[in-house]
Amino acid sequence: MLYMRTDLHIHTIASDGCWTPEETIAHVQDAGIRLFAVADHDTVANVSPIARLARQAGLLFLPAAEVSTVLDGSGFHILAYGVDPDNPALRQMLDANRQRLEWINEETLRRLVKAGYPIDMAAYASYQHDPSRGGWRALNFLIDTGLCKDVHDFMDRLFVPPIRPPWPDFPHPAEAAAVIRKAGGLPVLAHPGLSLQAQGVTERTLTPFLDFGIAGLECYACYHDPATTKTCLDFCSRHDLLVTGGSDCHGPFAGRSLGSPRVELADLRLGPLMERIIG
């Protein structure tokens, strides 16, 4: 069991991935992954359907979500592992975050209009987003109107100051961590190498998250070089934290491969989360 392949960070069409629950199960099986988690952005819509399909397929599944938070004007994602998807406080936080995400979409378009881009907001209001493409509604609207080529072009050329809006009032990491724990889960800081890219991943930059109630770090991530992975693992060892890892795969969208980096259960430290695995 310790050497089963694991991927604890996968997205589906419930947020900005390309795969339905059925497709997710098929791709997980094809990749030889036995234990997995779907951690969609600010939603648990596909947790219960995938849990049911995972049982039928003989796979092990950990319920999760990826929660948007903000700290000192910067965005951080907190992985909510082992949560009860029907918990009212969790649902309320996630629903509020989805509204904030849509505000970012609309405010980005409004700022593009002010900058002189030919955008019809009425057309956006009636735009039908196909979630199987991956990404999100405003992004695919901009692609379809010819204003950007793909997500990388959008991030590099359009979603930059002064167009990029300030982060809305997502919850503080400590607030999110508290709600996750009340929902029966444990909060893990997602991909520190990406989230702390500007500051660097060090004891100093990671330590505040201990006070915020973080239970672990996503040590294994496609954004991490070996030195960053080691820093995260050493930090978790010193502070008795959980160790997780995952691909952040969105299907073909965004170019991240399922099961990469390769992680075995033996590489991780899941602690109480082992009791919350379904299957």
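A nonpolar core is a set of buried Ala, Val, Leu, Ile, Met, Phe, Trp, Tyr and Cys residues joined through side-chain atoms within 4.5 Å, where buried means under 20% relative accessible area with a 1.4 Å probe, protein chains only. The model is predicted: local features need pLDDT of at least 70, side-chain atom pairs count only at pLDDT 80 or more, and totals for chains, interfaces and linings use all residues. Residues are numbered from 1 along each chain as its sequence is written, and side-chain values use heavy atoms, without hydrogens and water.

**Nonpolar core**
- The largest nonpolar core has 90 residues, and Phe-36, Phe-61, Tyr-81 and Leu-142 have the most contacts inside it.
- Helix 3 (residues 88-114) gives the most to this core, with six residues; helices (H or I, at least four residues) and strands (E, at least two) are DSSP runs numbered from the N terminus.
- Not counting residues up to four places away in sequence, Phe-61 touches residues including Phe-36, Val-47, Ile-50 and Ile-277, a contact being heavy atoms within 4.5 Å.

- Five strands form an open sheet of mixed pairing, in the order 4-5-6-7-8; two strands pair if DSSP finds at least two bridges between them.
- Strand 4 (64-71) and strand 8 (242-245) are the edge strands, each pairing on one side only.
- Strand 5 (residues 74-81) and strand 6 (residues 186-189) pair in the antiparallel sense over four bridges, and Leu-79 stands opposite Val-188 in strand 6.

**Helix contact**
- Glu-102, Asn-105, Leu-109 and Leu-112 in helix 3 meet Arg-137, Ala-138, Phe-141 and Leu-142 in helix 5.

Definitions and conventions
Buried < 20%, exposed > 50% of the residue type's maximum accessible area, 1.4 Å probe, protein only.
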